[in-house]
Amino acid sequence: MALAIDPLFFYALSIGRGGSPCLYMDGGLAAIVTVLRTFIDAVHLFHLWLQFRLAYVSRESLVIGCGKLVWDARAIASHYIRSLKGFWFDAFVILPVPQAVFWLVVPKLIREEQIKLIMTILLLIFLFQFLPKVYHSICLMRRMQKVTGYIFGTIWWGFGLNLVAYFIASHVAGGCWYVLAIQRVASCLRQQCERNERCKLSLSCSEEVCYQFLFPAEAVGNTCGGNSTKVVGKPLCLDVHGPFNYGIYQWALPVVSSNSVAVKILYPIFWGLMSLSTFGNDLEPTSHWLEVIFSICIVLAGLLLFTLLIGNIQVFLHAVMAKKRKMQLRCRDMEWWMKRRQLPSRLRQRVRQFERQKWATLGGEDEMELIKDLPEGLRRDIKRYLCLELIKKVPLFHNLDDLILDNICDRVKPLVFSKDEKIIREGDPVPRMVFIVHGRIKRSQKLSKGMVATSIIEPGGFLGDELLSWCLRRPFIDRLPASSATFVCMESIEAFGLDANDLRYITDHFRYKFANERLKRTARYYSSNWRTWAAVNIQLGWRRYRTRTRGPMISVTENGNSSDRRLLQYAALFMSIRPHDHLE
């Protein structure tokens, strides 16, 4: 904020008001800028007072560990005063030099018509206080970054910070351009007057300080009049198309003589933005040495700012678009690979659907990879926060201790399946237990004689319960159990999985809980395998009961082969495989 206020002092000077080429200071604008600068200095003064009470880390204690804070008030004050970038540097950047110069020195120099000296003093103030203030702001942000690891919390804050820095640089360049333009107008007036022997030039207005910003030109008592002398040919120095060669200050003539404060401030900022962004390509300086040096500074500043600030903005934009770009690259590589391998359109569509669902669910990030390097306790607490509520929805885990739930949370992994995807086929080894969070899964089990038993697993259910029996079996067998059914996603599925080795670790270390009869019965009750077996046997029992009490069930639509079909159904029911688990 302070860096943006200081260049506003430049615009308090104006020349050529109403066609009269006299120099004056707008006291209203200068007063407002002085109040703003004083308020900012008061805030910085509070920061300076706070440093006398802010503990610091002793350098001697940094040899081992992260350092030790010094809390003694005298030691803090002594360290702050003796520091090279401490008290004296902080006090220097808030010295009221611009305020004193504009209210004590500039009006006197205007009366004495020392235009060149005024501009020299303003530029020296810029060099010896504004530039150290820029360095002070950079040091303050680096100190903040050193303590917290970042200046602001999000990427967009970094983007905005660099954009504001580029804007302030344009503001400063436009202010210097404005001041130097006033000096060139004064030089033109002197040259015009030297050509006329009867000219008596007076560059100062009748009132060197007027309040044009607070009082309009038509207001009664407004002292912002012209000078006391008439200069022959004076409009030529304020004419853009006049004979005097202004070089890079040509378009500043309407600005320095404008009555509008908004024009005085906004147009130089626009000029600064345009010049820095184009590296001074549009500048056409004259042979005047100060103008050439200023043009060189504009070109170098444009290159430097573009390298540092715009380069950082590109980095921030790249960070924002990195995930989307990563997805685009992966999709492009996947499309190229599928085309090269000549996959059929159905497989390609399934791959695209899975990639879109994975991106929508996980946002292109592997959550486990992000937290795997964190301390064990912190990682466990994060995974407990993320997974505990989901795990508690599984009826099998309702009565488990918090210690067991923490171990399960630490080992589960998020899984995503697309529609019509086969999670596991019947007869394949079961690699993990899968617990459904969202979506439904169709379970298909082949019975004897070509019959198929189907059921639906809703959210909160699980599959792969063969692993639980495998882990609790004694003697233990290393070979993974085979799946008793095929599981197909009826819609997009979000779930979490517990690998076989992780499940074995949990059941071995907490065997006292998994050997509990209540947990065993719960596992049987919610097991899709046992439910299918029970449904088959209930149906078989019901059919046998009906046959014994009422005779065989004969349908109206049965044809000649109905008896054979019923025999196949009964054979399939009789030969359905009974699940085996740790209860046997």
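Visitor: Is Leu 189 buried or exposed?
Guide: Leu 189 is buried, at a relative accessible area of 1%; buried means under 20%, exposed over 50% and partly exposed in between, with a 1.4 Å probe and protein chains only. This is a predicted model, in which local features need pLDDT of at least 70 and side-chain atom pairs count only at pLDDT 80 or more, while totals for chains, interfaces and linings use all residues. Residues are numbered from 1 along each chain as its sequence is written, and side-chain values use heavy atoms, leaving out hydrogens and water.

Visitor: Which helix is Leu 189 found in?
Guide: Leu 189 belongs to helix α7; helices are DSSP runs (H or I, at least four residues), numbered from the N terminus.

Visitor: How far apart are Leu 189 and Pro 21 in space?
Guide: Their C-alpha atoms are 7.7 Å apart, although 168 residues separate them in sequence.

Visitor: And how many residues has the largest nonpolar core?
Guide: That core has 66 residues, and Leu 13 and Phe 294 have the most contacts inside it. A nonpolar core is a set of buried Ala, Val, Leu, Ile, Met, Phe, Trp, Tyr and Cys residues joined through side-chain atoms within 4.5 Å.

Visitor: Which helix gives the largest share of this core?
Guide: Helix α7 (residues 155–194) does, with 16 residues.

Visitor: What does Phe 294 touch?
Guide: Not counting residues up to four places away in sequence, Phe 294 touches Ala 173, Cys 176, Trp 177, Leu 180, Ile 248, Tyr 249 and Trp 271, contact meaning heavy atoms within 4.5 Å. A second, separate core of 44 residues includes Leu 388, Ile 391, Leu 463 and Leu 467.

Terms used
Helices (H or I, at least four residues) and strands (E, at least two) are DSSP runs, numbered from the N terminus.
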